[in-house]
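Look at the model below before reading on. The paragraphs that follow take one chain by itself and then turn to where two chains meet.

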Amino acid sequence: MQIVAALAGLLSVVFCWVVSVRLLLLARRTRQAPELLIGLGLLLAGGLWSPLMAVGRQATTLPDALRAALVIAGALCGLCGMSCIAIFNWRVFRPSGALPVVLVLASIGALVGIAAAQTLGPGWLHFAREERGPWTNASALGAAIYLWSCIEAGRQHAMLKRRLRIGLADPVVTDRMRIFTLLMSSSFFASSVFAVFQTLHIPVAGTTLGLWLTAAVSILISLFLCLAFVPPAGYLDLVRRRAAAEA
Amino acid sequence: MSESRAFTLVCSELEQLTRMTRLEARGTVRLALKEAGLTVDAVRNAEMLVVLKKVMPQELASRGVASGEEICRTIAAKLAGVADSAPDQTPEAVFGRLAGEAR
C-alpha cells in the first residue's frame with residue numbers, strides 16, 4: 001500500500017509540474033495574468049508545498065537545520081501558491097465588486113499571519129518534528145480557497161451548459177470548466193480531510209487511512225489535471241461527439 | 001454592477017416597442033439572459049443577437065406580447081450598429097486558452 005500511495009502521490013506531483021510549466025510557458029506567450037496565476041498556483045501549492053513538507057517532516061535522518069529549511073520553503077510555496085489561486089478566483093470569476101477583494105486580502109492576510117505566528121512562536125523545527133503550531137491551520141485555509149474556486153467554477157459550468165444549448169458555448173471549454181470544478185472539489189476534499197485530522201491531532205501521515213486517501217486523491221487529481229490542461233485528442237473528440245449528439 | 005451596452009439598448013427598445021414598463025422590460029431581458037446562461041454585465045452583442053433569435057420570442061410570448069419575433073428582429077437590426085462594451089476577459093475566454101499550445 002505504501003508503494004501504491006507513494007507512486008500515486010509522485011504521479012500527481014509530476015503532473016502538477018508538467019501542467020504548471022505548460023501554463024507558465026503559455027503565460028509567457030500570451031502575457032495574460034490568469035494563466036500565470038493558475039500556473040504558479042499549481043506549481044507552488046500542488047507541485048512543491050506537499051513534497052517539501054513531506055521530506056522536511058518525514059526524513060528524520062536529515063540535520064535539524066535542513067529539515068527546518070525544507071518546511072519553511074514548503075510553507076512559503078504554500079503561502080504564495082494559495083495566494084495565486086485566490087487572486088485567480090478574483091480576477092477570472094469575480095473581477096468586479098468589493099467582496100472578492102476582501103476575500104483575497106483576508107486569505108493572504110490569514111496565511112501570512114499563521115506563518116508569522118509559527119515563526120515567532122513554536123518555530124519551524126517544532127513543526128517539522130511534531131506537525132504542531134499555527135501553520136497547521138494552513139490546510140483549512142487552503143480548503144476554503146479551493147471551495148471558493150469550486151463554487152465559482154461550478155456556477156460558470158452551469159451557465160456554459162445553458163449557453164451550449166443555444167450554440168453560444170464551445171463543448172470543449174464547457175467540459176474543461178466541469179473538469180476544473182472536479183479538480184478543485186478533489187483538492188477541497190483532500191485539504192478538508194487533512195485539516196480535520198490536524199485539528200483533532202490525529203496522526204494521518206504514514207497510516208493506512210492516510211495512504212489510501214493520498215493514493216485515491218492523487219490519482220483523481222492527476223486524471224483531472226490531464227483532462228483539463230493536456231487533454232488527449234481522443235477525449236476531445238468524445239466530448240465534441242457527445243455534444244453534437246445532444247444538440 | 002455595470003451593465004453592457006447591448007443589455008441597455010435591448011431593454012430600452014423593448015420598452016418602446018411594447019407596452020411594457022421599464023421595470024418589466026428589464027426583468028424580461030434579465031430572465032432571457034439567465035435562461036441563456038449569460039449575465040447583464042458581460043453579454044456581448046453577438047450573444048445578445050442569438051438570445052433575441054432563440055430565447056426572447058418565447059419570453060415575450062409567455063408575457064402575452066404579440067408579434068414577438070418581429071419585435072426581436074427590429075431590436076436585432078438596431079443592435080447590429082452598436083459598439084460592444086462587454087469585457088474580453090471572460091471566464092470562458094480564459095478557459096478557452098488554458099489548454100493552448102505552450103510554445
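What share of the contacts in chain A with a separation of 6 or more comes from residues 24 or more positions apart? Such residues account for 70% of them, where two residues are in contact if their C-beta atoms, placed from the backbone, lie within 7 Å. This is a predicted model, in which local features need pLDDT of at least 70, side-chain atom pairs count only at pLDDT 80 or more, and totals for chains, interfaces and linings use all residues. Residues are numbered from 1 along each chain as its sequence is written, while chains are lettered from A and ligands numbered from 1 in the order in which they are written.

Chain A has 9 helices and 0 strands; helices (H or I, at least four residues) and strands (E, at least two) are DSSP runs, numbered from the N terminus. Along the sequence the pattern reads α-α-α-α-α-α-α-α-α.

The C-alpha trace of chain A spans about 60 × 45 × 35 Å along its principal axes. Of the 247 residues of chain A, 45% count as buried, meaning that 20 or more other C-beta atoms, placed from the backbone, lie within 10 Å of the residue's own.

Between the chains, 20 residues of chain B are in contact with 28 residues of chain A. On the side of chain B that touches chain A, α3 (45-54) and α6 (91-97) of chain B each supply at least two residues. The most comes from α6(B), with 6 residues.

Notes. A residue is buried if 20 or more other C-beta atoms lie within 10 Å of its own, exposed if 12 or fewer, and partly exposed in between; C-beta atoms are placed from the backbone.
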